[in-house]
Amino acid sequence: MEHIRKAFDAVATEYDAQREYIIPDMRNYYGAAIWAAETPTATPAILDIGAGTGLLSALILEKYPSATLTLLDISDKMLGVARERFSNRENVRFRAGDYSRVDLGGPYDLVCSALSIHHLVPEDKHRLFERVYLALSPGGLFVNADQAEGETPYFTERYREYWDEFLKSGPLTSSEHAEILRRRDTLDKNEKLSVQLRWLHEAGFSEVDVVYRNRTFIVTVARKENPEKQKSSEGWI
């Protein structure tokens, strides 16, 4: 993960400004993730995995201003931007570390992530889903706005062509464009959506679905069953 840390340390200051020119339909994409991040708790405990500059966390806090939010990321410089963003928030915590290895803590009512987990190799993705499940409270949700490979080489290529055309249509300079393609081609390790959904089920999540897809860009939601609520609804207690 050291190469990932260095890559994102290098782009920390311009990361947010480029997002809308890199991610097609970005507002609806993030909007779907925020819509999916639902909890009955007014003061939820939330973990943002691969939080970076805190872009997703900021939107989460608009929905849950009284949440206790932990931002976990491997890049100190990205978290430095997040610290400035949340300098007036006492309920926001920061942890620098490799989330594929460190203890996630918990329990959390929500675990969320945006555009980070696709950097992990398959076995680490699979293992992370299991660790997220264990870190959640019963009834908790895991919301992942990320990337997915096409189900066949044909669709993978079509999705890449779509993304390339979007990048070309924006105001990025040729050097910025080249750097984005370099990061994509060297750091991205996308997995098929069908495989990711299977891993979530195998991790133990009782309910799994997709609430958004725009070619490569997906938002999945997985819910950890609450046994006590299930008993109550069935009249066991």
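Both Trp 163 and Phe 217 are buried, where buried means under 20% relative accessible area, exposed over 50% and partly exposed in between (1.4 Å probe, protein chains only). Their rings form an edge-to-face aromatic pair, 4.9 Å centre to centre with 80 degrees between the planes. Trp 163 belongs to helix 7 and Phe 217 to strand 7, so the pair ties together parts 54 residues apart in sequence. Helices (H or I, at least four residues) and strands (E, at least two) are DSSP runs, numbered from the N terminus.

This is a predicted model: local features need pLDDT of at least 70, side-chain atom pairs count only at pLDDT 80 or more, and totals for chains, interfaces and linings use all residues. Residues are numbered from 1 along each chain as its sequence is written, and side-chain values use heavy atoms, with hydrogens and water left out.

**Aromatic pairs**

- The structure holds ten aromatic pairs. Rings of Phe, Tyr and Trp (its six-membered ring) pair if their centres lie within 6.5 Å; planes under 30 degrees apart count as stacked, over 60 as edge-to-face and the rest as tilted.
- Phe 155 and Tyr 159 make a tilted pair, because their ring centres are 6.2 Å apart and their planes stand at 40 degrees.
- Phe 155 and Tyr 159 are four residues apart in helix 7, so about one helical turn separates them.
- Phe 155 is partly exposed, with a relative accessible area of 37%. Tyr 159 is buried, at 16%.
- A cluster of ring pairs links Tyr 29, Tyr 30, Trp 163, Tyr 212 and Phe 217.

**Helix 7**

- Helix 7 covers residues 153-169, 17 residues in total. The expected span is 1.5 Å times one less than the number of residues.
- Thr 156, Tyr 159, Trp 163 and Leu 167 are buried in helix 7.
- These four cover an arc of only 75 degrees around the axis, so they sit on the same side of helix 7. The arc is that of the directions from the helix axis to the C-beta atoms.
- The face turned away from this buried side carries the exposed residues Tyr 154, Glu 165, Lys 168 and Ser 169.

**Ile 23**

- Where is Ile 23 found? Ile 23 sits in the loop between helix 2 (15-22) and helix 3 (26-36).
- Ile 23 is buried, with a relative accessible area of 2%.
- Leaving out residues up to four places away in sequence, Ile 23 touches Tyr 29, Leu 115, Phe 166 and Phe 217. Contact means heavy atoms within 4.5 Å.
- Ile 23 and Phe 166 are 143 residues apart in sequence, and their C-alpha atoms are 8.3 Å apart in space.

**Nonpolar cores**

- A nonpolar core is a set of buried Ala, Val, Leu, Ile, Met, Phe, Trp, Tyr and Cys residues joined through side-chain atoms within 4.5 Å.
- The largest has 40 residues; Tyr 29, Tyr 30, Ile 46, Leu 71 and Val 219 have the most contacts inside it.
- Elements giving two or more residues to this core include helix 4 (55-63), strand 2 (68-73), strand 5 (136-147) and helix 7. Helix 3 gives the most, with seven residues.
- Apart from this core lies another, of 23 residues, among them Tyr 108, Phe 129, Val 195 and Leu 200.
- Beyond four places in sequence, the contacts of Val 219 include Tyr 29, Ala 32, Val 143, Asp 209 and Tyr 212.

**Salt bridges**

- The count comes to 13 salt bridges. Each is a side-chain nitrogen of Lys or Arg within 4 Å of a carboxyl oxygen of Asp or Glu.
- Asp 185 and Arg 160 meet in one of them, 3.0 Å from N to O. Asp 185 lies in helix 8 (residues 174-187) and Arg 160 in helix 7, so the pair ties together parts 25 residues apart in sequence.
- Asp 185 is partly exposed at 48% relative accessibility, and Arg 160 is partly exposed at 34%.
- Asp 185 also bridges to Arg 184, at 3.5 Å from N to O. Arg 184 is buried, with a relative accessible area of 8%.
- A network of salt bridges links Arg 160, Asp 164, Arg 184 and Asp 185.
- Glu 207 forms a salt bridge with Arg 223, the closest N and O atoms being 2.8 Å apart. Glu 207 is in strand 6 (residues 207-214) and Arg 223 in strand 7, 16 residues apart.
- Glu 207 is partly exposed at 45%, and Arg 223 at 24%.
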